[in-house]
Amino acid sequence: MEKILIRERVLRKRESLSLDFQKSMSQVICLMIIKSFFYLEADSLMLYSSIKGEVDLKTLYTDALKRHKKVFLPTVSLKNIKINPVQCFVDTIWERGPYGIFEPLYKPNRIKQKNFDLVFIPGVAFDRNFNRIGFGKGFYDKFLKKLPKTTLKIGVAFDVQIVENINSDPWDIKMDIIVTEKGFLCREES
């Protein structure tokens, strides 16, 4: 099935989830991640601000800051289709970015980290071959391509977003792990 059709179908499914379900399952997903060895051992991670029914990672964000992990969130540059990670702290100020997504207020001295132990990636759909469909702009594919192979790329979604098969393009970057409220899918080579 074409990516456009998968995107439309899965977005309809995700939009049909109740707000209570999204909230409670986001909490379940965050708590599973918090108990995972890869999270507990990580020093630096990049999260995302959720929009349009994506899994909300606020619980994970709060926990990571309490554990004194280096936490980054993306800001986007529309000019060159680029993600710029910005380090976040307890006192981080937030503003709406170009797509209406909350971003940490840009402070040049806070963009230091280019390597992360973990990067959590939203998506519209994922398959069991660790392929991902986003919104089609290419921000994450471009960003993920530059990360070292040691960085774990973790797709985060509700189980209704897992599809049978996504025909990947050469520029698509596979996830190492996908987490839903039903558990973890892990690539053998991860």
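Is glutamate 54 buried or exposed, and what is its relative accessibility?

Analyst: This is a predicted model, and what follows should be read as a description of that prediction. Glutamate 54 has a relative accessibility of 9%. Buried means under 20% relative accessible area, so glutamate 54 counts as buried.

In the chain, glutamate 54 sits in a loop, with strand S1 (44–46) on one side and helix H4 on the other. Leaving out residues up to four places away in sequence, glutamate 54 touches Arg14, Tyr48, Ser49, Pro122, Phe135 and Phe158. UniProt, in an unreviewed entry, lists Glu54 under "binding site"; that annotation may be inferred rather than shown by experiment.

Helix H4, at the end of this loop, covers residues 58–66. Its buried residues include Leu60 and Tyr61, and Asp63, Ala64 and Leu65 are buried as well. After H4 comes histidine 68, with a positive phi near 60°.

Asparagine 131 is placed in the loop that runs between strand S7 (125–127) and strand S8 (132–133). With a relative accessible area of 6%, asparagine 131 is buried. Its contacts, again without residues up to four places away in sequence, are Ala125, Phe126, Ile166, Ser168 and Lys174.

As for the chain around these sites, its secondary structure consists of five helices and twelve strands. The radius of gyration is 16 Å, close to the 16 Å that the globule rule gives for 190 residues, so the chain is as compact as a globular protein of that length. Along the principal axes, the C-alpha atoms fill a box of roughly 45 × 35 × 35 Å.

Of the contacts between residues at least 6 apart in sequence, 69% join residues at least 24 apart. The accessible surface of the chain is about 10,300 Å², and carbon and sulfur atoms account for 54% of it. Charged side chains number 32 positive and 23 negative, and the centres of the two sets are 5 Å apart.

To return to the request, glutamate 54 is a buried residue in the loop between S1 and H4, and Arg14 and Phe158 are among the residues it touches.

Terms used. Residues are numbered from 1 along each chain as its sequence is written. This is a predicted model: local features need pLDDT of at least 70, side-chain atom pairs count only at pLDDT 80 or more; totals for chains, interfaces and linings use all residues. Side-chain values use heavy atoms; hydrogens and water are left out. Helices (H or I, at least four residues) and strands (E, at least two) are DSSP runs, numbered from the N terminus. The radius of gyration is taken over C-alpha atoms; the globule rule is 2.2 Å times the number of residues to the power 0.38. Contact means heavy atoms within 4.5 Å. Accessible areas come from the Shrake-Rupley method with a 1.4 Å probe; for residues, only the protein chains shown count as cover. Lys and Arg count as positive and Asp and Glu as negative; His and the chain ends are not counted. The place of a charge is taken as NZ of Lys, CZ of Arg, CG of Asp or CD of Glu. Buried means under 20% relative accessible area, exposed over 50%, partly exposed in between (1.4 Å probe, protein chains only).
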